[in-house]
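Have a look at the sequence and the 3D view, then read on.

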Amino acid sequence: MCDILARCVLEFCAMARIALVAALITLAFPAAASAFDAHGSARQVYVTGLTPGAPTVLIKPGGRTVTRAADPQGGLLFRNLKPASGYQVRSGGAASPPLTVISDQAAPPDAGVYGQSIPSDGYGYLTTRDGTRLAINVHPPQDVADALPVGVPLPPLPKLPDGVGATPTLIEYSGYGYADPAGPQSGIAVIANLMGFTVVDVNMRGTGCSGGAFDFFEPLQGLDGYDVVETIARQPWVAHHKVGMMGISYGGISQLFTAQLRPPSLAAISPLSVIDNTQTTLYPGGILNTGFAVNWAKERVHDAQPASASGGQPWANKRIQEGDATCKANQALHGQAVDLLAKVRANNHYVPKVADPLAPVTFVNKINVPTYMACQWTDEQTGGHCPTLAEHFGGTSRKWFTFTNGTHVDSLDPETFNRWFDFLELYVAREAPSTKAATIRAGAPVVYKEAMGIDGVTLPRDPIQEQPTYAGALAAFEQLPPIRVLFDNGAGGSSPGHPLPGFEQSYSRFPVPGTRGQKWYLRKSGGLGKKPKAKRGADVFRWNPHARPLTDFTGDTAAGENGLWTATPPYRWAQNPAGTAASYVTAKLRATTTVIGAGAVHAWIRSSTRNADLQATISEVRPDGKETFVQGGWLRANERKLDRRKSRKFEPVLSLRKRDVKPLPRKRFVKVTIPLYYQGHAYRSGSRIRVTLSAPNGDQPIWAFAETSPAKRAKIEIARSKRKASNLLLPVVAVPVSTGLPPCPGLRGEPCRTYKRYENRAAVRMR
């Protein structure tokens with residue numbers, strides 16, 4: 001009884017202290033009428049209309065305070081707050097009414113926000129659950145006429161469905177300038193318009209003319225996506241009152257973050273060219289990708305700034321100059337964007353609570369709607385790691401994936417395009433694809449001329465589009481195996497580099513059933529054999545990340561003249577200078593060997609420095625004297641520890657936790673594993689498989705590694721013996737291959753060069 005009484009007294013005293021603090025704050029800041037606007041949000045409070053630089057206090061429900069100064073736009077954002085009622089903001093003698101901070105659970109506290117009316121055509125704003133207004137642009141199918149280049153004939157548009165102008169509708173959502181009235185930047189709405197869909201292009205909060213502040217895939221961005229889906233689906237011009245999502249790259253990744261929340265009115269998603277994990281693009285093998293990844297982050301920082309002549313998205317500044325008062329008001333919180341570059345630097349190791357929410361591989365199992373996804377093994381932007389998502393999509397049985405070699409835009413290649421179109425027609429439009437097949441076939445040459453700079457590309461025959469009824473087409477589509485692999489993309493058309501595969505295979509799941517591991521062991525004189533040699537030996541190379549150019553491509557990185565997405569772009573894939581690498585090749589293959597999956601290089605290394613960043617390059621040395629790039633992998637050697645729980649037989653996963661960093665030992669060999677990114681490649685009979693180990697750089701078009709370790713040059717030795725059996729491991733699948741050697745150059749995303757034998761340098765001694 002005494003203990004209970006004592007606890008009550010202590011609790012009463014604590015409550016009294018909190019009340020006293022609150023009273024003192026009230027005395028210090030008299031409750032004058034608020035001269036600013038403060039709102040509760042999902043684990044946030046945002047304030048606009050403050051005096052720039054004014055000290056502003058957030059009073060939490062328990063009485064604790066946080067004081068910060070308003071930014072030059074008079075905005076302020078308090079993040080990472082606990083959901084509760086009773087927050088208050090005070091500044092300059094004024095006070096806000098009590099504010100409620102809501103949780104980041106999917107369903108909103110009040111679905112009444114979805115009752116807003118959105119016009120069926122043109123630019124406007126959509127209000128989310130926390131009052132933020134997002135810039136949107138609604139493109140009905142007829143907008144395709146305005147989006148086509150001048151002089152390009154318009155194919156016959158599909159007939160609108162019966163009813164009051166209701167059309168099947170798709171949402172395209174990202175931080176790019178999607179809502180730009182002049183047309184979505186880096187968007188593909190025009191293609192969906194050609195298919196007969198209305199497309200709602202949406203700028204993420206904190207970008208363009210949208211309100212709020214930007215942070216890379218924070219929970220609020222997913223909640224905003226949920227709100228967009230539910231609001232648009234309720235519009236009278238939306239067929240079936242269900243919407244789909246579509247988009248490529250950023251607009252594909254955003255679908256995964258939105259769909260994991262399971263908006264009730266979401267019909268289906270179709271993410272193209274996406275990531276599986278932020279780390280596999282940003283820190284491959286633990287090494288910062290200072291090329292594409294860091295440059296992309298810099299662009300997001302610029303685009304998230306308040307719109308002006310020097311920052312933000314130019315189209316937003318143009319609208320402000322033309323009198324868009326909402327766009328101008330929406331800039332108030334743009335200055336509160338998270339410093340993405342600082343965030344990149346601060347998270348150079350794996351911290352689960354930070355990294356997992358940004359890794360789709362950790363949450364795609366929550367997605368429960370029909371899904372169609374396409375990725376490329378050699379995607380120069382996102383990288384070839386997205387196939388690992390396939391085995392984690394456990395929340396839906398209606399899922400289909402297409403994987404191929406190619407560039408970032410090859411998720412739109414004709415075979416993939418056909419399946420994507422069929423999927424959207426069946427699961428969003430709920431129509432037989434045959435009703436619009438003629439239109440998309442007529443428009444295809446225009447699409448490929450604009451997207452890839454290639455003339456004369458048409459769509460191949462598609463059995464689903466030959467089904468006359470919706471029921472028949474749906475039944476046929478749902479009989480398709482979930483996994484489709486297109487091989488030799490670039491070899492199946494009338495000219496090398498046209499985006500058509502040489503052949504294809506389909507499977508029931510991924511990793512592919514029947515996959516077996518094939519090891520080739522490093523040998524003397526640059527050989528690779530199926531058994532290790534008992535005699536000890538080692539090779540040595542000078543570690544130099546500047547031995548070759550940072551990238552193997554310069555010029556237009558899209559569809560411009562000699563651009564990266566064109567048929568045969570002018571790669572500059574340089575040979576490794578003598579002494580700067582160690583290279584090994586198999587004997588001529590007696591039979592075609594097909595690899596589908598990731599794999600690894602297991603190497604016993606000794607370094608003159610306590611750390612060394614390593615790159616492994618896999619290529620095919622062909623009977624015609626040419627060499628084709630296939631795939632690569634990376635490792636920061638002091639982060640070599642594997643995550644045993646996540647690793648699979650053919651897909652080792654690095655821990656990358658700070659606690660697992662371990663310097664390389666002095667003067668002795670240690671085993672390291674270099675995880676390879678995914679490939680789907682048929683190494684033809686008579687070819688040889690090559691693996692080259694070096695410092696990073698020189699093998700990627702826009703990925704680069706300018707901050708490698710060590711800062712100075714080093715000496716790397718690679719052991720080869722029965723005890724230190726360095727080897728290449730690849731996942732091999734039995735695949736019937738009836739096509740001949742593909743053109744070189746010609747395979748999309750895979751540079752080709754004349755093969756030159758590389759002379760390894762033997763280490764002086766081995767212990």
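## About the model

This is a predicted model, in which local features need pLDDT of at least 70, side-chain atom pairs count only at pLDDT 80 or more, and totals for chains, interfaces and linings use all residues. Residues are numbered from 1 along each chain as its sequence is written, and side-chain values use heavy atoms, with hydrogens and water left out.

## The whole chain

The protein chain has 14 helices and 33 strands (DSSP runs numbered from the N terminus: helices are H or I with at least four residues, strands are E with at least two). Its C-alpha atoms fill a box of roughly 85 × 70 × 55 Å along the principal axes.

For 767 residues, a compact globule would have a radius of gyration near 27 Å, and the 28 Å of the protein chain agrees with this. That radius is taken over C-alpha atoms, and the globule rule is 2.2 Å times the number of residues to the power 0.38. Of the 767 residues, 60% count as buried (under 20% relative accessible area, with exposed over 50% and partly exposed in between; 1.4 Å probe, protein chains only).

## Lys 60 and its loop

Lys 60 lies in the loop between strand E3 (55–59) and strand E4 (65–69). Its relative accessible area is 31%, so Lys 60 is partly exposed.

## A proline in another loop

Pro 570 sits in the loop between strand E21 (537–543) and strand E22 (581–586). At 38% relative accessibility, Pro 570 counts as partly exposed. From Pro 570 to Gly 251 there are 319 residues in sequence and 28 Å in space, C-alpha to C-alpha.
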